[in-house]
Amino acid sequence: MSDLDKAIAQLRACRPIPEIQVRELCYKARELLIEEGNVVTVDAPVTICGDIHGQFHDLMELFRVGGDVPDTNYLFMGDFVDRGFYSLESFLLLLCLKVRYPDRITLIRGNHESRQITTVYGFYDECLRKYGSANVWRYCCEVFDYLALGALVIGAATELEPTDAPFADPSHATTVSEGDEVEVELLNSAGHIVTRHVRDRYIGQSSQLSNPPSSPSQTREQTPSRNGAPGTGATGSSHGSSGNGGGAVLCVHGGLSPLIDSIDKIRLLDRKQEVPHEGAMCDLLWSDPDEIEGWGLSPRGAGFLFGADIVKCFNHKNDLSLICRAHQLVMEGFKEMFQNTIVTVWSAPNYCYRCGNIAAILELGEDGSNAGYAPRSNGDVERSHGASNGVLTERMDKLKGPGRRYRVFEAAPQDSRGMPAKKPVADYFL
Amino acid sequence: MAANGVETTKAGGTQGTTSRNGAWNVTTRKQPILKAEPIEALSNELGIPIPEMIFGDNIVSLTHIKTGWSLEFNARDALDKVSKTEEGMLQVAVAEQWKKERSHQDEVKQVVKPFDWSYSTDYKGSTHPGEALGAWEQTTQERFPIRTDLLSRPDPILFFDTVDLYEDELADNGIALLSVKLRVMPERLLILSRFFLRLDGVIVRIRDTRVYVEHATNKVIRQYTAKEGSYDHVQEKLRQMRENVPEAFRDANKLAPLLKTVEDMTDVFEVH
């Protein structure tokens, strides 16, 4: 058994590895990450995960539900550390797996992978507590600076391979007939199907998209999704979509930036630094989608919000069918917005050990039907001239979204270990 | 379950207790954060975005059993008291830098939905009169004191709970947290509803509402105390005290004595 495999075994047991080993691991990881571009290309199939926040036992549950590395190809969208009690073990395990199986796991940077944020939100203190010095924190921060800013998933199938999985609630079972494309499936942690959406094949013309209320796909979403089994967090926020042709999927931690109109512009950034307070790199890690038109400045005075028109333009210009991001807590584990052009994936169940939320991971299948396909989405395809005009977006073609299989799961029971007891301890507060 | 003559009940995230003389009841309810749909409904109703962690089903209530009078703490009513305009709106530490850097970018429209995103509230609970007569009357601590001397005695705590109403991480610029603690002793009870705001590099704010009842009386004494201090000032004091600064900044109890009282009022409700 190699040292690395030993370290993996030790970390899987939630035991930190010695400082000297951390140093070596971080050095190797940096050598590996420096070779990656700002936007890593990832071939489907891939399982996309959102925030982890040091909830180690829930990360183990994620691997149980989603499959182990290297059997499953993973993409983690950042925020590995802070808030939870096991940031160190969680991040080092992911890093070990990255070094051991570089082609089977992709790590991109979240806004918590920063010196400034980790000193405030727990990771720094945790390292200090577990090692007695800040060295390990420093090694990890150096790795943070090398993490990619985004990933581009190519070759994702537009429909899901049918599974043999049983329905969690047989009365919600939908049968898939010949010619139907399964677009979205929601599975619980036992692997049972909670809901299934079939893509509406009657919508071939993109013009339908400009008129959502009458779109048949809008009525279809009424079907079973809001009635999931209790505790599964079956969400009403996953809607079928329609369109023609497939596209790539961009994964970033936060969202878009007004300074970035093509993926190539992300590639040009100098990422090997602490996350700046402003600028494109900051935006990619911090911004949020919102029900607004165009770009907005957050009332906080820093941070951008972007509306559906921005997403649709960006996706169109860059041949994307979907943007996948994390960064925001959602009770149901995932939330699709803007006619399924962007999705938030959240993978920390019972966040901060008290929110009671469900976590989700998103599986994108491999497009086996057309081997020669996979158009490269390098962002240099200028199909829409001056398309930043909001009026034009209504007429834009929308690429067929990938088939999306969400697996949701709840907090691992053992993550209550070492936690403040569920029952609050009485104190003589005044 | 008549331990010490106190009735304790527990069902579906709800638990409560009745004072041994049968006059007062306290009940708490704890549920997970709201799902997407109720959040949207609440946001539409209140006209502001909802905090990231919204415990919209959580409740703390104090009831005068004979009249049905109650004082309740819930997230909806607390958020309704958050400023929905630009008034008093804080800015994060890097906002000035942002303004300079972004001034040339025309495509970015105005600030989206200005409101007090720090979720600062002066919420003192929601009163439901039931069949009781009377009203809250302004008074002073001299006339109706919250007896910290009696509360400091090691009387047995018959019922204790802490209930979060909402929390927001302010996009990692600090924390805004509204939570309620309560303890019931054989002869009295104390509820503390605390709003705690730490906006990194800018401000620390604590707004406490204390509710005090001597079970043998029909008086509910309520004290509201608002405290503030600049972040730098608090940080300096913590350093002088040789505290672990980042850790102390997470502990409202440590920060409270370092802040300046900006508002302090007491009122009393005689339920009959």
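Is A:Arg354 buried, exposed or partly exposed, and at what relative accessibility? A:Arg354 counts as partly exposed at 34% relative accessibility, where buried means under 20% relative accessible area, exposed over 50% and partly exposed in between (1.4 Å probe, protein chains only). This is a predicted model, so to speak with caveats: local features need pLDDT of at least 70, side-chain atom pairs count only at pLDDT 80 or more, and totals for chains, interfaces and linings use all residues. A:Arg354 pairs up with B:Glu167 in one of them, at 2.5 Å, N to O. That contact crosses between chains, running from the loop between β14 (342-345) and β15 (359-364) of chain A to strand β10 (residues 159-168) of chain B. B:Glu167, for its part, is buried at 3%.

Within chain A, A:Asp145 meets A:Arg109 at 3.0 Å, N to O, and both are buried. In chain B, the B:Asp208 and B:Arg210 salt bridge sits at 3.5 Å, again with both residues buried. There's also a salt-bridge network linking A:Glu181, A:Glu183, A:Arg199, A:Glu336, A:Lys400 and A:Arg404.

As for disulfides (cysteine sulfur atoms paired within 2.5 Å), the count over all chains is zero. The sulfur of A:Cys26 lies 4.5 Å from its closest cysteine sulfur, in A:Cys140, which is too far for a bond.

Definitions and conventions: Residues are numbered from 1 along each chain as its sequence is written. Chains are lettered from A and ligands numbered from 1 in the order in which they are written. Side-chain values use heavy atoms; hydrogens and water are left out. A salt bridge is a side-chain nitrogen of Lys or Arg within 4 Å of a carboxyl oxygen of Asp or Glu. Helices (H or I, at least four residues) and strands (E, at least two) are DSSP runs, numbered from the N terminus.
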